[in-house]
Amino acid sequence: MALVVPLVLALLFRRQELRLRALADHGRAGTATLTAVTQQGSATNAHYRYEVDGVTHTWDVDRNKLPGAPGDTFGITYLPEDPSLSRPGTYSQASLDAELNLPFRHGFPLGLFVLFGSLAALCHRNVRRLQTGAPLAAKPRISPEGAGRILAGLFLGCLLAVNLDPKVRAVHVAAFGPAPLGLSVGLVVALAEIALFAPFFWVFPHLMRLVMDRYAQGGSLSKLGIVLAVAQAGPEGRRSRLVVVAGLVYFIALVAGWIVFAASRGI
């Protein structure tokens, strides 16, 4: 997994990068027709159709990149050797640089390699210890508080990493403008997310305390097992259960607040 999964992702990213570079280098102009506009959650997509050498192709893009009504025609750029790849308008070098998002394409496979490689090395170390007759550690190596803070940090890291996606940045600009408070919108959003996520560094340790206690009693670490760990916590876990439930209510309030705010901005 440490080698194959990152390698496959890297090859897929590289293949798409080469195709996009070819589109910017020698893409041909064509004409397409806007066929439909669909919405899935907060994302709105525009679908279009075009023909190349008698063969019909379809594609969809973010609605912000393709305004207009179904039935409108507009120019596109398609790849001659693979006409199924196209983009609205003229695909320039600037368009290529905005879409490639090289830090994510390079960093994500590398991160997976480090993650799976580290887990493989740890498992191999434990197997070697068992083969030499060393006793298997039965006690957890980390406290519930430490595990909860690590878990919260991982979630926060994932949340901030999503901001690297150009589509997500476009939503942020539409919601808050390009320079709120005179600062970069990316910086403002990241600081706001860190501040709003901060309470979970208190919630997750309580959650892990309940989960580890139930696991020590023979419970599972499945989704249902985590829910049961909270719902069936004993008197000694009452405070932790209240904190976890409050954290869930807080999370739902954040999601609902964002939905209402985004709808008010027409996003």
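**Strands, cores and a surface patch**

Reader: Which residue is the bridge partner of A32 in β4?

Author: F74 is the bridge partner of A32 in β4. Bear in mind that this is a predicted model.

Reader: How do β1 and β4 pair, and over how many bridges?

Author: In the antiparallel sense, over six bridges; β1 covers residues 28-40 and β4 residues 73-79.

Reader: And β1 with β2, over how many bridges?

Author: Eight, again with antiparallel pairing, and β2 spans residues 43-52. One of the pairs joins A36 to H47 in β2.

Reader: Switching to the inside. What is in the largest nonpolar core?

Author: That core has 14 residues, and those with the most contacts inside it are F197, F200, F204, L207, L210, V230 and V244. At least two residues each come from α4 (144-162), α7 (200-216), α8 (223-231) and α9 (238-264). α7 gives the largest share, six residues.

Reader: What does V230 touch, leaving out residues up to four places away in sequence?

Author: V230 touches L207, L210, R241 and V244.

Reader: Which residues are in the other core?

Author: Another core lies apart from the largest one and has 11 residues, including L34, Y50, V61 and Y78.

Reader: Now the surface. Which residues form the nonpolar patch?

Author: L3, V4, V8, L12, L110, F113 and V114, with about 670 Å² of accessible area together. Helices α1 (4-26) and α3 (102-131) each supply at least two residues of the patch.

Reader: Take V4, in helix α1. Buried or exposed?

Author: V4 counts as exposed because its relative accessible area is 54%, and the cut-off for exposed is over 50%.

Terms used. Residues numbered from 1 in each chain as written. Predicted model: local features only at pLDDT ≥ 70, side-chain atom pairs only at ≥ 80, totals over all residues. Heavy atoms only, no water. Pairing = 2+ DSSP bridges. Helix = DSSP H or I, 4+ residues; strand = E, 2+ residues; numbered from the N terminus. Core = buried A, V, L, I, M, F, W, Y, C linked by side-chain atoms within 4.5 Å. Buried < 20%, exposed > 50% of the residue type's maximum accessible area, 1.4 Å probe, protein only. Contact = heavy atoms within 4.5 Å. Patch = residues over 30% accessible without salt bridge, like charges linked within 9 Å, V, L, I, M, F, W, Y side chains within 5 Å. Areas by Shrake-Rupley, 256 points an atom, 1.4 Å probe, with all protein chains shown as cover. Salt bridge = Lys/Arg side-chain N within 4 Å of Asp/Glu carboxyl O.
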